[in-house]
Amino acid sequence: MKYEMLYLIDSSFTDEAKDAIVSKFEETVATLGGTVLSTDKWGVKKLAYPINYKNDAFYVLMTFEANGDSIKELDRIAGITDGILRRMITKAVN
């Protein structure tokens, strides 16, 4: 099944720290038996409302294929990762 994960990284993190988080999620998908199709870094964008007193965040959209069981684990790992302000995993339309 094809999924998309949009996540927001704290924009005050260094570029190396942001890249480390992106790599961590890509490796997690691979470890859980999935395949990362693409990772699109949208860059820093203004938030619609403040989150943890932050007004902007670094947006990343990852498209991947995985089974349903691995989605829960990926969401759990994203939830306990420092620097992640929000995340959302959805089924891809196409």
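Analyst: The answer below begins with the core, then turns to the sheet, the helices and the loops.

This is a predicted model, in which local features need pLDDT of at least 70 and side-chain atom pairs count only at pLDDT 80 or more, while totals for chains, interfaces and linings use all residues. Residues are numbered from 1 along each chain as its sequence is written, and side-chain values use heavy atoms, with hydrogens and water left out.

A nonpolar core is a set of buried Ala, Val, Leu, Ile, Met, Phe, Trp, Tyr and Cys residues joined through side-chain atoms within 4.5 Å. Buried means under 20% relative accessible area, exposed means over 50%, and partly exposed lies in between (1.4 Å probe, protein chains only). The largest nonpolar core has 18 residues, and the members that touch the most others are Met5, Tyr7, Ile9, Phe25, Met62, Phe64 and Leu74. At least two residues of this core come from each of strand E1 (2-10), helix H1 (15-31), strand E3 (54-65) and helix H2 (68-79). Such helices (H or I, at least four residues) and strands (E, at least two) are DSSP runs, numbered from the N terminus. There is also a second, separate core of six residues, including Leu47, Ala57, Tyr59 and Leu85.

Contact means heavy atoms within 4.5 Å. When neighbours within four places in sequence are set aside, the contacts of Phe64 include Met5, Val29, Leu37, Ile71, Leu74 and Ile89.

The sheet comes next. Two strands pair if DSSP finds at least two bridges between them. Four strands form an open sheet in the order E2-E3-E1-E4, with antiparallel pairing. E2 and strand E4 (84-91) stand at the edges with a single partner strand each, so one side of each has no neighbour in the sheet. From one strand to the next, the twist averages 20 degrees. Axes are lines fitted to C-alpha atoms, for helices over the stretch in contact, and angles run from 0 to 180 degrees between N-to-C directions.

E1 and E3 run antiparallel and are joined by nine bridges. Within E3, Ala57 is the bridge partner of Asp10, and Thr63 stands opposite Glu4. E2 and E3 pair in the antiparallel sense over eleven bridges, and Phe64 in E3 is the bridge partner of Val36.

The helices can now be placed. H1 has 17 residues, and its first and last C-alpha atoms are 24 Å apart, close to the 24 Å expected at 1.5 Å a residue. The expected span is 1.5 Å times one less than the number of residues. Lys18, Ile21, Val22, Phe25, Thr28 and Val29 are buried in H1. Seen down the axis of H1, these buried residues fall within an arc of 120 degrees, so they line one face of the helix. The arc is that of the directions from the helix axis to the C-beta atoms. An α-helix has 3.6 residues a turn, so residues three or four places apart point the same way. The buried residues of H1 pack against E1, E2, E3, H2 and E4, whereas the face turned away from the buried side carries the exposed residues Asp15, Glu16, Glu27, Ala30 and Thr31.

H2 lies across E1, E3 and E4, running at about 170 degrees to E4. In H2, the buried residues are Ser70, Ile71, Leu74, Ile77 and Ala78. They fall within an arc of 130 degrees when seen down the axis of H2, so they line one face of the helix. These buried residues pack against E1, H1, E3 and E4. The exposed residues Asp69 and Lys72 are on the face of H2 turned away from its buried side.

Thr81 lies in the loop between H2 and E4 and counts as buried, at 9% relative accessibility. Not counting residues up to four places away in sequence, Thr81 touches Lys24 and Phe25. In the loop between E2 and E3, by contrast, Tyr53 is exposed, with a relative accessible area of 83%.
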